[in-house]
Amino acid sequence: AGIQYLLDHKDSEDREAAKRIIRTGSPAYVAAFNDYIPTGQWPVRAAALAVVGTTTTGGYAVPYIFDPTFINIGAHTTINPYRAACRVESIVGGNNWRAVTSTAVTAAYAAEAAASTEQGPTIGQPTYTAQRASAFATVSYETMQDRPDIGTELSVLIQEAKDTLEENQFSIGVGTTVYPFGMFCTLAYTAATTATTLTFAVADLISTEAALPIRHRANAAWFMSRAVIRIVQGWETTGGQLFNNNWPGGYPAVGNPAYSPTGNTGRDLLGYPLWEAPSGPTTVTSSGGIVAVLANPKTFVIVDRIGMNVEVIPNLFGASQGNLPTGQRGVFALWRNTARPVNVDGGRQITIHS
């Protein structure tokens, strides 16, 4: 369904996505790709198919059935909540995506025959530029000889590396130059400072909920590291105020947060879904530290430029071996994306009072 929507509504005028799927999804292309990884040579029989997959540096497109920029699923050895919870946009034919933001319209009473005042919305158009990310793996000649499916295996490993990088940067990326602007980075969302110096308490959860605008509260969710989730869970000693709404048996059957590659803990906190973000801060006593985020996930936007490409470096040379061949090949994978909040008012960051 996701790929169909991409083809129907997001493809470029020259149908780049459709052409890529047709050419890289054929059995001949998949077989050629699996031959290319161990040999570094693109088979002649796939030369016609390779046209759409060739980059300016000579690499070839990952078959779309393995391409994480198409299928948008997480690996099973890491946790990345952002693709499951937040807004994901795919672009084709360029590297920019433009959003449209609008402030609220203000209504007011006025006396009879009085002139109305301008109270319309302010329209904005933030631009997201997909930046390059990459992964590099070395594979021995022996492994390539013994594993004919090494191309498929490497696709899985690269997906894991991609998920790990994205979760970290979508959590704490600095938002400058080529880096995403992480949800836990200062100023990504509006700060909600704790009531007491160097202290995080139940009251801070409640005041943060109250501070989030109603328009964003309806679809809000919590994001925390597992360490902070456990701290909050430890507060549930009486009454079941924090968690009991999500357990039919009520307090004290709080239970453990589920483990899921998507980060979905299966739990609610104050009635809002609770997502695990592994790269979020783990301590709650650091001055100025951001320990949790309550936000409308759709205000955090991930923009993918579809298409992952791979280039094989046929022979690697070791500096410590006198720059002689090491019996390894290099596999260089490249893709492009970015992420950041589209509206600073769409979330609240619980920030430890200095």
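Let's start with salt bridges: a search of the whole structure turns up 9 of them. Keep in mind that this is a predicted model. I'll take some of those pairs one at a time, then move to a helix, a surface patch and the confidence scores.

Why would such pairs form at all? Side chains of opposite charge can pair when their charged atoms come close.

Take K10 and E89. Their side chains meet in a salt bridge, at 2.5 Å from N to O. This pair links distant parts of the chain. K10 sits in helix α1, residues 2-10. E89 sits in strand β2, residues 87-91. Now the surroundings. K10 is partly exposed, with a relative accessible area of 22%. E89 is buried, at 11%.

Next, R15 and D11. Here the N to O distance is 3.6 Å, and again the side chains form a salt bridge. R15 is partly exposed, with a relative accessible area of 37%. D11 is buried, at 13%.

Now E16 and R305. Their salt bridge is 2.6 Å, N to O. E16 lies in helix α2, residues 16-24, and R305 in strand β13, residues 300-313, so the bridge ties together parts that are 289 residues apart in sequence. Are these two buried or exposed? E16 is buried, with 17% relative accessible area. R305 counts as buried too, at 11%.

There is also a network. R83, K162, E166 and D304 are linked by salt bridges.

Let's step back to the whole chain. It has 354 residues, and 45% of them count as buried. How many helices and strands are there? The chain has 10 helices and 17 strands. Look at the contacts with a separation of 6 or more: residues 24 or more positions apart account for 75% of them. As for the surface, the chain exposes about 16,900 Å². Carbon and sulfur atoms supply 55% of that area.

V174, V178 and Y179 form a nonpolar patch. Together they have about 270 Å² of accessible area. Where is V178? It is in the loop between α7, residues 150-172, and β8, residues 190-197. V178 is partly exposed, with a relative accessible area of 42%.

Now helix α8, residues 202-211. Which of its residues are buried? D204, L205 and T208 are buried there. Look down the axis of α8: the buried residues fall within an arc of 105°, so they line one face of the helix. An α-helix has 3.6 residues a turn, so residues three or four places apart point the same way. What covers the buried residues of α8? The cover includes strands β8, β9 (221-224), β10 (264-269), β12 (290-295) and β17 (347-353). Helix α10, residues 226-234, is part of the cover as well.

Last, confidence. The average pLDDT for the chain is 85. Of the residues, 88% score at least 70. One stretch to flag is residues 51-57, where the pLDDT is below 50. Beyond near neighbours in sequence, that stretch has 12 contacts in the model. Where pLDDT is low, the predicted coordinates should not be read in detail.

Definitions and conventions
Residues numbered from 1 in each chain as written. Predicted model: local features only at pLDDT ≥ 70, side-chain atom pairs only at ≥ 80, totals over all residues. Heavy atoms only, no water. Helix = DSSP H or I, 4+ residues; strand = E, 2+ residues; numbered from the N terminus. Buried < 20%, exposed > 50% of the residue type's maximum accessible area, 1.4 Å probe, protein only. Contact = heavy atoms within 4.5 Å. Areas by Shrake-Rupley, 256 points an atom, 1.4 Å probe, with all protein chains shown as cover. Salt bridge = Lys/Arg side-chain N within 4 Å of Asp/Glu carboxyl O. Patch = residues over 30% accessible without salt bridge, like charges linked within 9 Å, V, L, I, M, F, W, Y side chains within 5 Å. Arc of directions from axis to C-beta. pLDDT = per-residue confidence, 0-100.
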